Amino acid sequence: MTDRVAAILLVVTFLAVPLVPGDFAVVVATEILILGLFALSFNLVHGYMGQISFGHAAFFGLGAYGTALVFRAFKGAGTGVSYAEFALSMLAGLPLAAAGALVVGYFCSRLTGIYFAILSLAFGELIYHVVFSWYGFTGGDDGIQGLLPPPWFRDPVNYYYFTLAVVFVASAVLWRITRSPFGYALRMLRDNARRAAFVGIDVRLCMLCNFVVAGAFAGIAGSLWGPFSRSVSPVLLGWMQSGIPVFMTLIGGSGHFTGPMVGSVVYTGLNAYVTRFTPYWPLAIGIVILLLVLFVPGGILSMVEKRAATRSGKGR
Amino acid sequence: MDLSALALQLLSGLSRAMMLFLLASGLSLTFGVMNILNFAHATLWLLGGYLCFSVFQWLTQAGGLGSWALVPAIATSMAAMFAIGWALERFLIRRMYGRELPEQLLLTFALILVIGDLIKIIWGTQNRRLPVVIEPIEMLDSFVNPYYFVIIAAGCAVAAGLWAFLHRSRYGRIVRAAVYSRDMVSALGIRIPTIYAGVFALGVAIAALSAGLFLPVMSIGLGMDMQIIVQCFAVVVIGGFGSILGTFVASLIVGIVYAFTILIWPEGALVVIFLILVAVLIVRPWGLFGSEQRT
């Protein structure tokens, strides 16, 4: 119920954003959508499978680099990329991210709890340092610049609509996955892995599949990032970047499908507006996060849900 | 490459290992005892370093202590960080004990932002280093800064002290007992909250020692905490959570491997560290010296 209302509100709001005059709102909304998709993919592992992927930015980054590398290859002669080449490079991110997730997931799916979290963090940092130090191929800490998309996509509003369409379709597919038998198998092995195994679910295979799916969707988000910010850099794979979906999911509420997107609206929106007004934005954002952690455990959506339940007299 | 160059590299690796150990031991203690992963640990380390810097500056301006002002400066910053650590545990960390790992991450990340910005407000964005001049001594056909031996000695002393504290003293035994059965220790009339606050504050104070000890040979600056904290995690995980001996051995491994890889393959030094970490986690997730029961 909360999820439906939140989803409808989100879609309506996102459709209305281009009505706001000026490019700022559209650019911020694009960022919210991309990072929101990233967080949604993280919550597939966290909310539905009960594990924490601390190296999730690796797949976001692999997606971004996959797109950027193909983009750079096409750009070569200095002329812009054509629409077909742009489409091809956008498609390159997903398989790279999924392949990365397959390797990382193969090892991570044997572990649970803090060891799962730390192994994924370790793999994330490993991939980060490889990208960071491989100057010849990835450009090292300079990253890859000048990812100028074809003319139509250069307009922020057009790119926003493109992002909105991609994120909407991807979210719908993710939503469908969480409602599928596979999605329910995930919930079961989250709550009781041993029982799931007794019923005949291949726990490791399920975890691995889910990890790959989550990595692939993080890769889609990453692919959208390059042409949006016109550049990619190793920061996109670091542990700070991995923290972002964790924060968003917790702020919005991991128990709801739309939670991470709500969290992205709060976190990215806050970031964008506070950075504009004060140089001491880390202080301001840090205090807001502190208050949220201390007083809104379970995230905004579950707080809203509780409020609504008490108001209608049903209680919980 | 001749022998003396290798020996020098070993020396720098050992001193790096000591810095990692001093930082990671606090991290390992707080995780082992309270099950809290403190991502802000390195930021507190940074704060301790800046405090030490200011006290040192004030002391050298006030009295003619010269380079020896480093000792009271480190002591003051350790005392101050102990108090700050105590207050943090009392008002914030304590609320996180029942919470899940991601929530701890979120809280300590907020602390990173807040403390980092406070440092920026108070000390600005400049990197800091102490102007302590130490005459290099001649050995192994080259010149060596004898201060490295001070660092290595201090690191080993803290390691031995911590081990003796945990295994030989009454309070250390209480701390170790609290790891295994919090309820039983509490039922025996021991105040668990005080023990937890003390352990957290101790970890933070040791971090301040690490920062102060390194200020004469290394400059510290904003943003360093982010890089160093992941390496500390690597050390803690390789050694096994909650094991002081494990943390010590792991920091030796990481420090020395880092020092030698940087000679052969400068860009890849950290890649190798994380390869080791991944390998340890795959083969022995609970670390070299940890026990298998903890999950």
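Predicted model: local features only at pLDDT ≥ 70, side-chain atom pairs only at ≥ 80, totals over all residues.
A residue is called buried here if 20 or more other C-beta atoms lie within 10 Å of its own, and exposed if 12 or fewer do.

**Helix H1 of chain A**

By that count, the buried residues of H1(A) are Thr2(A), Ala6(A), Leu10(A) and Phe14(A). Looking down the helix axis, these buried residues fall within an arc of 80°, so they line one face of H1(A).

What do the buried residues of H1(A) pack against? They meet four helices of chain A: H2 (24–46), H8 (156–179), H13 (259–277) and H15 (299–311).

**Helix H5 of chain B**

Now for a helix in the other chain. H5(B) spans residues 147–168; it has 22 residues and reaches 30 Å end to end between C-alpha atoms, close to the 32 Å expected at 1.5 Å a residue. Its buried residues are Ile151(B), Gly155(B), Val158(B) and Leu162(B). Seen down the axis, they sit within an arc of 65°, so they line one face of H5(B). The exposed residues on the other side are Ala153(B), Ala157(B), Ala160(B), Gly161(B), Ala164(B), His167(B) and Arg168(B). As for partners, the buried residues of H5(B) pack against helix H1 (3–34), helix H8 (192–214) and helix H10 (244–264) of chain B.

Chain A has 15 helices and 0 strands. Chain B comes to 11 helices and 2 strands, and along the sequence its pattern reads α-α-α-α-β-β-α-α-α-α-α-α-α. Here are the overall numbers for each chain.

| Chain | Residues and radius of gyration | C-alpha box | Buried residues |
|---|---|---|---|
| A | 316 residues, 19 Å | roughly 65 × 45 × 35 Å | 51% |
| B | 295 residues, 19 Å | roughly 60 × 50 × 35 Å | 47% |

A compact globule with the 316 residues of chain A would have a radius of gyration near 20 Å, and the 19 Å of chain A agrees with that. For the 295 residues of chain B the globule value is near 19 Å, and chain B, at 19 Å, agrees too. Then there are the contacts with a separation of 6 or more. In chain A, residues 24 or more positions apart account for 77% of them; in chain B, such residues account for 77%.

**Where the chains touch**

How many residues does the contact take from chain B and from chain A? It takes 29 residues from chain B and 32 residues from chain A. On the chain B side, helix H4 (101–123), helix H9 (224–239) and H11 each supply at least two residues. The largest share of that side, 13 residues, comes from H4(B). By type, the chain B side divides into 22 nonpolar, 3 polar and 4 charged residues.

**One residue in H11 of chain B**

Val283(B) lies in helix H11 (residues 269–283) of chain B. Is Val283(B) buried or exposed? Val283(B) is exposed, because it has 8 other C-beta atoms within 10 Å, and a residue counts as exposed at 12 or fewer.

Definitions and conventions: Residues numbered from 1 in each chain as written. Chains lettered and ligands numbered in written order. Arc of directions from axis to C-beta. Contact = placed C-beta atoms within 7 Å. Expected span 1.5 Å × (residues − 1). Nonpolar A, V, L, I, M, F, W, Y, C, P; charged D, E, K, R; others polar. Rg over C-alpha atoms; globule rule 2.2 N^0.38 Å.
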